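Here is a short briefing for a first look. Start with the display, then read the points by topic.

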Amino acid sequence: MSRFYRFRLPPWCRHFLLVLEQIMLPLVIFQAIRTLFLPTTFDVILLSILVLTLVAFYLEWI
C-alpha cells in the first residue's frame with residue numbers, strides 16, 4: 001500500500017487541506033470553550049471529531 005502524498009492531489013484539494021489545517025486550531029479552541037459552558041452530547045461528539053482531525057493533521061496522517 002502506497003503512502004498518501006498531498007502533492008499528488010489536485011491543486012484545489014491541496015488548497016482546501018491547507019485552509020482546513022489553518023482553521024482547525026481556533027475552531028477546536030472555540031468548541032472546547034463552548035463545550036465547557038453548554039455541554040451537550042452533540043458538542044462533545046463534535047469536539048472529539050475536531051480534536052481527532054487536529055491530531056491527524058499534526059501527525060501528518062492527512
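The expected span is 1.5 Å times one less than the number of residues in the helix. Helices (H or I, at least four residues) are DSSP runs, numbered from the N terminus.

This is a predicted model: local features need pLDDT of at least 70, side-chain atom pairs count only at pLDDT 80 or more, and totals for chains, interfaces and linings use all residues. Residues are numbered from 1 along each chain as its sequence is written, and side-chain values use heavy atoms, with hydrogens and water left out.

- α1 bends by about 35 degrees at Met24. A proline, Pro26, follows within four residues. The bend at a residue is the angle between axes fitted to the seven residues ending there and the seven starting there.
- The buried residues of α1 are Cys13, Leu17, Met24, Val28, Gln31 and Thr35. Buried means under 20% relative accessible area, exposed over 50%, and partly exposed in between (1.4 Å probe, protein chains only).
- These buried residues of α1 pack against α2.

**Helix α2 and the segment after it**

- α2 has 18 residues. From its first C-alpha to its last, α2 reaches 26 Å, close to the 26 Å expected at 1.5 Å a residue.
- Asp43, Leu47, Leu50, Ala56 and Phe57 are the buried residues of α2. They pack against α1.
- Tyr58 is placed in helix α2. Tyr58 counts as exposed because its relative accessibility is 69%. The C-alpha atoms of Tyr58 and Leu17 are separated by 13 Å, at 41 residues apart along the chain.
- Glu60 sits in the segment after α2. Its phi is near 60 degrees, a positive value in a residue other than glycine. Glu60 is exposed, because its relative accessible area is 59%.
- Glu60 and Pro10 are 50 residues apart in sequence. In space they are 18 Å apart, C-alpha to C-alpha.

**How the two helices meet**

- The axes of α1 (residues 11-37) and α2 (residues 41-58) come within 9 Å. They cross at roughly 145 degrees. Axes are lines fitted to C-alpha atoms, for helices over the stretch in contact, and angles run from 0 to 180 degrees between N-to-C directions.
- The crossing of α1 and α2 is left-handed. That term applies if the near helix is turned anticlockwise from the far one by less than a right angle, and right-handed applies if clockwise.
- On the α1 side, the residues that meet α2 include Leu20, Glu21, Leu25, Ala32 and Arg34. On the α2 side, the partners include Leu46, Val51, Thr53 and Leu54. Contact means heavy atoms within 4.5 Å.
- By class, the contact of α1 with α2 has 14 nonpolar, three polar and three charged residues. Ala, Val, Leu, Ile, Met, Phe, Trp, Tyr, Cys and Pro count as nonpolar, Asp, Glu, Lys and Arg as charged, and the others, Gly among them, as polar.

**Two residues of α1 in focus**

- Thr35 lies in helix α1. Thr35 counts as buried because its relative accessibility is 11%.
- Thr35 touches Asp43, Val44 and Leu47, not counting residues up to four places away in sequence. Thr35 and Ile45 are ten residues apart along the chain, with C-alpha atoms separated by 10.0 Å.
- Leu27 is also found in helix α1. Leu27 counts as partly exposed because its relative accessibility is 36%.
- Leu27 and Leu47 are 20 residues apart in sequence and 9.2 Å apart in space, C-alpha to C-alpha.
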